[in-house]
Amino acid sequence: MEDFARALADFVRDNQAWAVPIVLVLAFGESLAFVSLVVPAWGALVAIGALIGVSGISFWPVWLAGGIGAALGDWVSYWFGYRYKEHVAEMWPLSRYPEILPRGEEFVKKWGVPSIFIGRFFGPLRASVPLAAGIFEMSYWPFQIANFVSALIWSAVLLLVGDVMGKLAEWLWRVV
């Protein structure tokens, strides 16, 4: 996975016009139930964030693309859970990871709407919480508000962590 993130960051560095659509697709996949369990993309997002300060890529469009992609991924996951309810647990890859959905359910029932915000920042919960919110019919508008706000914050955090790491690496390169 590290090689994938590095290759993708190299591609974005050489083809900056592709930064926005690539970040949108990565964030969508990272937040989409099922896909995020198989292909975690957060490392590539951090690596692209590292390019922002050192290569001249504009932060704002990349940040918005990441936030919108993540929110759309959760929106689709919510809809999928709402539509297919308990049958979701029988589908691959959740059928191979039976503990994920009950953890998401417990988390959603315990924390309610804030679970969407909190779950965004924790690995397997990122994809299972919106799915569980749909299955257990969390109110639509409170879900969407938490979804979009948390997606924009999550995108900013990943990209800024990468940006800070990139600037630090650039500084160390000059000093050493």
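Mentor: Let me begin with a definition: a residue is buried under 20% relative accessible area, exposed over 50% and partly exposed in between, using a 1.4 Å probe and protein chains only. Helices are DSSP runs of H or I with at least four residues, numbered from the N terminus. This is a predicted model, in which local features need pLDDT of at least 70 and side-chain atom pairs count only at pLDDT 80 or more, while totals for chains, interfaces and linings use all residues. Residues are numbered from 1 along each chain as its sequence is written, and side-chain values use heavy atoms, with hydrogens and water left out.

Trainee: OK, take α6 then. Which residues of α6 are buried?

Mentor: In α6 the buried residues are I100, L101, G104, F107 and V108. Looking down the axis of α6, you would find these buried residues within an arc of 125°, so they line one face of the helix; the arc is that of the directions from the helix axis to the C-beta atoms.

Trainee: Why would residues that are three or four places apart end up pointing the same way?

Mentor: An α-helix has 3.6 residues a turn, so residues three or four places apart point the same way.

Trainee: And what is exposed on the other side of α6?

Mentor: The other side of α6 has E106, K109 and K110, which are exposed.

Trainee: How far apart are the end C-alpha atoms of α6?

Mentor: They are 16 Å apart, and this agrees with the 16 Å that its 12 residues, 100-111, should span at 1.5 Å a residue. The expected span is 1.5 Å times one less than the number of residues in the helix.

Trainee: What follows α6?

Mentor: G112 follows α6, and its phi is positive, near 65°.

Trainee: Where is the place of S139?

Mentor: S139 is in the loop between α8, residues 123-135, and α9, and it is partly exposed, with a relative accessible area of 46%. E137 lies in the loop between α8 and α9 as well, and E137 too is partly exposed, at 46% relative accessible area. Phi of E137 is near 55°, which is a positive value in a residue other than glycine.

Trainee: Switching to rings. How many aromatic pairs are found?

Mentor: A search of the whole structure finds 14 aromatic pairs. In one of them the rings of F59 and W60 have their centres 5.1 Å apart and their planes at 80°, so this pair is edge-to-face. Rings of Phe, Tyr and Trp (its six-membered ring) pair if their centres lie within 6.5 Å, and planes under 30 degrees apart count as stacked, over 60 as edge-to-face and the rest as tilted.

Trainee: Is F59 buried or exposed?

Mentor: F59 is buried, with a relative accessible area of 17%, whereas W60 counts as exposed at 56% relative accessibility. The rings of F80 and Y84 make a tilted pair, with centres 4.7 Å apart and planes at 45°. F80 and Y84 both lie in helix α5, residues 59-84, where they are 4 residues apart, about one turn of the helix. Y84 counts as partly exposed, at 28% relative accessibility.

Trainee: Which residues do ring pairs link into a cluster?

Mentor: The cluster is made of W75, Y78, Y82, Y140, W141, F143 and F148, linked by ring pairs.

Trainee: Last one: what are the buried residues of α2?

Mentor: They are A19, I22, V23, L26, A27, G29, E30 and S31. The 13 residues of α2, 19-31, should span 18 Å at 1.5 Å a residue, and the end C-alpha atoms are 18 Å apart, which agrees.

Note on methods: Helices (H or I, at least four residues) and strands (E, at least two) are DSSP runs, numbered from the N terminus.
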